[in-house]
Amino acid sequence: MKIQTTCLNCLLTGKADNVFVHAEMRDDGVYDLTCELGHQFTIMVQQLKFEMLFDMGSLALLDGYFRESVATIAASLERFFQFYVEVICRKMKLKDADIESAWKSVSMQSERQLGVFLFMYLIETKSPIKSFIYDENIKQGSETVKVSKFRNDVIHRGYIPSSEEAHIYADLVYRFMYRILKELKVSANEAIGETVRYPLGKANLAMSAGLKTTQCIPTLVSLSSGVEPPESFYEAVKVLKKSRHYCYPNSSS
Ligand SMILES: [Zn+2]
């Protein structure tokens, strides 16, 4: 999977016919690139892991890879839990190094991460989470099961979800994330900004001097979008259908 960016030098000087540069997606979101005229530059993608993973899972869904979609959106949800925990820790003015160190103790076990999330939510809102995503009902074959079972069956038992099941799962996760984000933007907006900027600052320090810019990708679940998101995944994914070849070139139809 690739992302598309622009060579600012070519864009500003108007010298190249093609100002776009494609790059294979990277885990750290930092891309050292060279355009077709040889200009070297670095871009840092501003979107956090859960934002990127949700788009990747949505693209898999559009292309008919339903198991891959559920697995990737499940990974997005887990990174979303981590994001929430980090935001609340920053709101409490805890040190970045201490947050990172504490996270290492839970990073290998998703059950521990889930426990941390649920109690951070309780601390932040003063009440236990309602309609928690893993406790929602979802159709799995002829049965109705909890989302947690559906997710585990797909990831650990090789269950092959139908198109409908994968769409319903994506919609449940999409709505859950936006519900929590809406609350968080009211109670901890400043800490959200700090959490978005933290990896960018860290990457910036690690890089040598040179032309560096940040890039914003308009993901379906987005921290940076200023407009109200579409209410459902079904509406949101229509936007991705139109933008996919611009944002993610060479992704299949
Ligand atoms: Zn260039």
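**Stop 1: a hairpin**

Select β5 and β6, which form a hairpin with two residues between them. Gly141 sits in the turn and has a positive phi of about 65 degrees. This is a predicted model. Now colour the two strands: β5 covers residues 137-140, and β6 covers residues 143-146. They pair in the antiparallel sense over four bridges.

**Stop 2: two lysines with positive phi**

Most residues other than glycine have a negative phi. Select Lys126, in the loop between α5 and β5. Its phi is near 70 degrees, a positive value in a residue other than glycine.

Next, select Lys93, found in the loop between α3 and α4 (96-104). Lys93 is not a glycine either, yet it has a positive phi of about 65 degrees. Lys93 is exposed, with 7 other C-beta atoms within 10 Å.

**Stop 3: the whole chain**

Zoom out and switch to cartoon. The protein chain has nine helices and seven strands. Its radius of gyration is 19 Å, close to the 18 Å that the globule rule gives for 253 residues, so the chain is as compact as a globular protein of that length. Draw a box along the principal axes: the C-alpha atoms fill roughly 60 × 45 × 35 Å. Of the 253 residues, 29% count as buried. Among contacts between residues at least 6 apart in sequence, 67% join residues at least 24 apart.

**Stop 4: two domains**

Colour by domain. Domain 1 takes 2-46 + 200-247, and domain 2 takes 49-194. Their C-alpha centres lie 24 Å apart. How many residues does each domain bring to the contact? Domain 1 gives 14 residues and domain 2 gives 15 residues. Select the side of domain 1 that touches domain 2: by class, it has nine nonpolar, three polar and two charged residues.

**Stop 5: the largest nonpolar core**

In soluble globular proteins, nonpolar side chains tend to be buried together. Select Ile73, Tyr84, Tyr169, Ala170, Val173 and Tyr174. Of the 48 residues in the largest nonpolar core, these touch the most other members. Which helix gives the largest share? That is α3, with 13 residues. Bring back the domain colours: domain 1 and domain 2 both give residues to this core, so it lies between them.

Centre on Ile73. Leaving aside its neighbours within four places in sequence, Ile73 is in contact with Phe54, Gly57, Tyr169, Ala170 and Val173.

**Last stop: another core**

Finally, select Cys35, Phe41, Ile43 and Val45. They are among the seven residues of another core, which lies apart from the largest one.

Note on methods. Residues are numbered from 1 along each chain as its sequence is written. This is a predicted model: local features need pLDDT of at least 70, side-chain atom pairs count only at pLDDT 80 or more; totals for chains, interfaces and linings use all residues. Domain bounds come from an automatic or database domain assignment. Two residues are in contact if their C-beta atoms, placed from the backbone, lie within 7 Å. Ala, Val, Leu, Ile, Met, Phe, Trp, Tyr, Cys and Pro count as nonpolar, Asp, Glu, Lys and Arg as charged, and the others, Gly among them, as polar. The radius of gyration is taken over C-alpha atoms; the globule rule is 2.2 Å times the number of residues to the power 0.38. A residue is buried if 20 or more other C-beta atoms lie within 10 Å of its own, exposed if 12 or fewer, and partly exposed in between; C-beta atoms are placed from the backbone. A nonpolar core is a set of buried Ala, Val, Leu, Ile, Met, Phe, Trp, Tyr and Cys residues joined through C-beta atoms within 7 Å. Two strands pair if DSSP finds at least two bridges between them.
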